[in-house]
Every structure is written in structure tokens, then in C-alpha cells.
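Please look over the chain below before reading the notes. They cover its nonpolar cores and its salt bridges.

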Amino acid sequence: NMRAARRLLVGGNWKSNGSRKFVNDFSRDVLNKMVFDPAKVDVVVAPVFLHLQAALENMSNNIQVSSQNLSAFEDGAYTGEISASQHVDFGLKWTILGHSERRHIMGESNALVGQKVKIADDYGLKVIACIGELLSDREAGKTMEVCEAQLNSIRNEIDDWSNIVIAYEPVWAIGTGVTATSDQAQEAHEGVRAWLKKNVSEEAAEETRILYGGSVNQNNADELITNPDVDGFLVG
């Protein structure tokens, strides 16, 4: 069972939410009291940029801290951008890239997401790279076509996928209360793994973790995680 070789990952994407007080209290009262085996599961939380310092200072208990985005550029005249090198200097080891809200609200193209993944990877950051289709795509039978286009834009930029975690988030299931069925999730994850095998390597297909995101809760998580190609969750 290859799944045994892949450590589970649970990520919390806080989106544009929270305050300094929330970060301090939630870290101390909830996250630092969580019981889990870090040898079996990575736990990663992603607050907004302004709260990363508080998270790093308050988080113990083997909980890792991620940003939700980074610049496609090196340091320089890019007002409002935060670079990969600044992430490393700050002590961050993770970033979330290509989230559907960045693609569909902020207008990030597949190519731009690919460039961001490349620069993050160049600096040794671990990346949760998000992919997923709109409801109209799924209804038109284009789920894998859309996901593969998103993956190809990353593949065009990097060869080594060892620092990449893929998060499959069907856009129609994010925050809507509608969850992909366990079978729909497994089908998409299996398709992504098949793409990895064909377009990257057998090793990448076996070792790359594929998370499910989209209205995950305590009621459906147990069933979703029984799927052989679901390696954890991105919750937000």
C-alpha cells in the first residue's frame, strides 16, 4: 500500500480572517493542545501575512505555519508583494499557491501560478498547490481537462515535485456546504495521480500527497480519508 509511505497532511487555510487576539488565543487554547503524531501527519496553518509572526511565536506542538500566497518575482520594485526569499528569511517553510479565490477573484492565470510555484520551489519552500474545476466545468465533463491544464502550468516550470503537495478543491464545493462525494473525490485524486505518473514520474505519483478541500467537516472527513488517493485535507 503506497498510501502508507505518504504522511497525511491537514492544512488550515484561514483566508482573510482573524485578528492578532484570535491568533494568540487559538494557538494557545486550541492548536497547542491538539494531540497528533507528527510522524504520521503534518499539521499546517495559514494565517494572513500580518499574523504570521504571531503564529510562529505562539505555535508549538509541531504545528507548521504557511503563507497563503507569495510574489512571482524576486525582491525589488514590486509594491505590495512578498517574495520567496523574504519567506525563507522570516523562517517560513510553506506557502499555499493557486487557491481558487486567487485564480477566480484575483485573476491569477495558470501561467502565473506556475511561476509562483517555481520561485517558491527554487527557494526550498514547500508548496500546497491548489487545483480544481468550476461547477460549469464539471457539468460539461471537463473536470480532468481543467485540472490537467492547471497541473501542466506547474509542470512547465518544475521537474522535481518532492516539495509539492497538491490540493484538489472543486470550486463548487468550497464554502457552499456541498461536498464532493467520496467517490467523486477519489476519482479526481486518482486522475491527478495518473497525470503525475504519465507527466512527471512514477516516483512523483507514489510520493506526492494529494489533499481534498471543499466543505470538509467532521462528518465527511472519516469517509473521505478512507480513499486510497486522498492523503489529507485543506480546510478553510
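Is E101 buried, partly exposed or exposed? E101 counts as partly exposed, at 27% relative accessibility; buried means under 20% relative accessible area, exposed over 50%, and partly exposed in between, using a 1.4 Å probe and protein chains only.

This is a predicted model, in which local features need pLDDT of at least 70 and side-chain atom pairs count only at pLDDT 80 or more, while totals for chains, interfaces and linings use all residues. Residues are numbered from 1 along each chain as its sequence is written, and side-chain values use heavy atoms, with hydrogens and water left out.

**Nonpolar cores**

- The largest nonpolar core has 36 residues; such a core is a set of buried Ala, Val, Leu, Ile, Met, Phe, Trp, Tyr and Cys residues joined through side-chain atoms within 4.5 Å.
- Elements that each supply at least two residues of this core include helix 5 (110–122), strand 6 (164–168) and helix 8 (182–199); helices (H or I, at least four residues) and strands (E, at least two) are DSSP runs numbered from the N terminus.
- Helix 8 gives the most to this core, with five residues.
- Another core, of 14 residues, lies apart from it and has V23, F36, A55 and M59 among its members.

**M59**

- M59 sits in the loop between helix 2 (52–58) and strand 3 (63–67), and is buried, with a relative accessible area of 11%.
- Beyond its neighbours within four places in sequence, M59 is in contact (heavy atoms within 4.5 Å) with S27, L31, N32, V45 and V65.
- M59 and S27 are 32 residues apart along the chain, and their C-alpha atoms are separated by 5.6 Å.

**Salt bridges**

- Side chains of opposite charge can pair when their charged atoms come close.
- The structure holds 15 salt bridges, each being a side-chain nitrogen of Lys or Arg within 4 Å of a carboxyl oxygen of Asp or Glu.
- K15 and E101 form a salt bridge at 2.8 Å, N to O.
- This pair links distant parts of the chain, with K15 in the loop between strand 1 and helix 1 (20–29) and E101 in helix 4 (residues 100–104), 86 residues apart.
- K15 counts as buried, at 16% relative accessibility.
- R193 and D229 meet in a salt bridge of 2.5 Å, N to O.
- R193 is in helix 8 and D229 in the loop between helix 10 and strand 8 (232–235), so this pair ties together parts that are 36 residues apart in sequence.
- R193 counts as buried at 9% relative accessibility, and D229 is buried at 11%.
- A network of salt bridges links R6, R193, D229 and D231.
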